[in-house]
Amino acid sequence: MSVDSIAVTVAAIVQVAPAIREFTLLPIDQPLLPFSPGSHVVVSMIDEHKVFKNAYSLISHPWDTTSYRIAIRRQDISRGGSLFMHENVAVGDTLNITPPANMFAPQWFAKKHVLIAGGVGITPFMSYLPELKRREADFELHYLYRSQLTGAYKDELAKTLGARYRGYDSDTGERCDIAALFAQRMLGTHFYICGPESLVKCVKDLAAESGVPASAIHYEAFSAPQPGTPFDIVIKSTGQVIAVDAQQSMLEALEAAEVAVANLCRGGVCGQCACRVDQGEIDHRDSFLSKAEKKAGATVMPCVSRAISKQLVIDI
Amino acid sequence: MQPDTFFEVKSRPVYQPIKKRNPSLQHVFIVAGEMPEDMATTYRHCDNTKRTLILVSDSEKAKKTIAEKASLLSLSATVYVAGDESFIWFVSELLTAKGMLPEQIKLCAPVEQYRTVYCCHCYHFSTGVTHSPATCAGCQRLLAVTDHFSRKSGAYLGYQVNAEDPADIPETQELS
């Protein structure tokens, strides 16, 4: 039997950096599952007006089934999910989460793992570390943060990882020489990046310039759906017309209209929510479809992508 | 009955002409036999301070050389391999075990059309096979040579063609 939703209680909320809060979630009516390093859960947040569903990396020990922990950065300019978690969620509240899913697992065949975290992008690596240590894997963590906003867990990471840890606080002028991270690396080194898109792009570009093969670079970009121009979805089979407002994703609009679309990451990565497009021009914003598929315009990832045309007819 | 005609076999490698991997800072050419033209062109296009040519006589020599020189390969290296099909995949496996990724290993189309065939009955590898059915050099069974290719072993799958009826022997075909 598959489990779509797990009810959890918020057992603790801790401010772990000026803009980051950590939430401890306890199970209510069913045990939690162990998970693989790099996994995330999708948290449903029910506001008066809408339902937010955001994916957050699990930062607890992958084997710990007594509780899950997530850490969320407050994003004042966003569609509201993180703000809701920071302002409306209190200890004792009930939330619904999905079972863990993983789009960012470590490459266990790698001979060396270089982890590059930007700000709250430290979160998926928190669940990597126990398993990397248990396997006695060769790894190092480079943590880029701004101490006035982020930098969660930096002190404990520095203490427990020793020489395998390097922190760079840009608020005190410390910069990471990313190009130098690629120099003198042995074969079998893999790089993992989690952070803002600008960091991911910078690391990818510098890696390419250094001749590092693209398949040695692994990343998880925060790609929450970005707002856009309102448009209408037309369901080809029923003719139903669903309006998508500027702040809402296509997937959220479909869900609000009770049109079920299978989905997993809600960040344009996993490909689960793919819908066939019959008519209309797509504004592709996902990382799943290839360039050719995007050009063909026959498939849309409604979790992040939108329409350029006023209408998008989808064949579901 | 020819079961292979019912579905498309996707495991048979398709070789593209090799090209220089431009961002790479180290280009290593491993050749058993003659260097094919596309590799020679690629070799000429590489800066002579960044290229190395390794000539070997067989797989065992390649294994020894790679064991000795793997520590000199950088993360940005590209290795170009030419030889017979079983050789190039053997070298590819060795390099993969050292941590090289698929885009760093460029295999030249084998010049010869002969195949190494893995007998699924006695597990023997017969080399230099040009026709199907072919007699297994290990157990003497008559094997249908399929297009199912194993990159791990650099060989095509062979199975006994006349197991049900020893007299039912299909016409011999030249392998392409």
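Along the sequence, the elements of chain B come in the order β-α-β-α-β-α-β-β-β-β-β-β-β-β. That amounts to three helices and eleven strands, where helices (H or I, at least four residues) and strands (E, at least two) are DSSP runs, numbered from the N terminus. The structure is a predicted model, in which local features need pLDDT of at least 70, side-chain atom pairs count only at pLDDT 80 or more, and totals for chains, interfaces and linings use all residues. Residues are numbered from 1 along each chain as its sequence is written, while chains are lettered from A and ligands numbered from 1 in the order in which they are written.

The C-alpha trace of chain B spans about 60 × 25 × 25 Å along its principal axes. Its domain assignment gives domain 1 (26-107) and domain 2 (113-174); such bounds come from an automatic or database domain assignment. The C-alpha centres of domain 1 and domain 2 of chain B are 29 Å apart. Five residues of domain 1 of chain B and seven residues of domain 2 of chain B make up the contact, two residues being in contact if their C-beta atoms, placed from the backbone, lie within 7 Å. On the side of domain 1 of chain B that touches domain 2 of chain B, two residues are nonpolar, one is polar and two are charged. Here Ala, Val, Leu, Ile, Met, Phe, Trp, Tyr, Cys and Pro count as nonpolar, Asp, Glu, Lys and Arg as charged, and the others, Gly among them, as polar.

Chain B also has an open sheet of five strands, in the order S6-S5-S10-S9-S8, with mixed pairing. Strand S6 (125-129) and strand S8 (134-135) of chain B are at the edges and have a single partner strand each, so one side of each has no neighbour in the sheet. Strands pair if DSSP finds at least two bridges between them. Within this sheet, strand S5 (residues 115-119) of chain B runs parallel to strand S10 (residues 155-160) of chain B, and three bridges join them. Tyr118(B) has Leu157(B) as its bridge partner in S10(B).

One residue of chain B can be followed in detail. Asp38(B) lies in helix H1 (residues 37-45) of chain B. Asp38(B) is partly exposed because 18 other C-beta atoms lie within 10 Å; a residue is buried if 20 or more other C-beta atoms, placed from the backbone, lie within 10 Å of its own, exposed if 12 or fewer, and partly exposed in between. Of the 176 residues of chain B, 37% count as buried. Beyond its neighbours within four places in sequence, Asp38(B) is in contact with Pro17(B), Ile18(B) and Cys108(B). Pro17(B) is 21 residues from Asp38(B) in sequence, but the C-alpha to C-alpha distance is 6.1 Å.

Chain A is assigned domain 1 (6-101), domain 2 (112-221) and domain 3 (231-314). The C-alpha centres of domain 2 and domain 3 of chain A are 33 Å apart. Strand S1 (residues 6-17) and strand S2 (residues 20-27) of chain A are antiparallel and share eight bridges. A hairpin of two residues connects S1(A) to S2(A), and Ala17(A) stands opposite Ile20(A) in S2(A). S2(A) is also joined by six bridges to strand S5 (residues 68-73) of chain A, again antiparallel.

Where the two chains meet, the contact takes 15 residues from chain A and 13 residues from chain B. The side of chain A that touches chain B has seven nonpolar, five polar and three charged residues.
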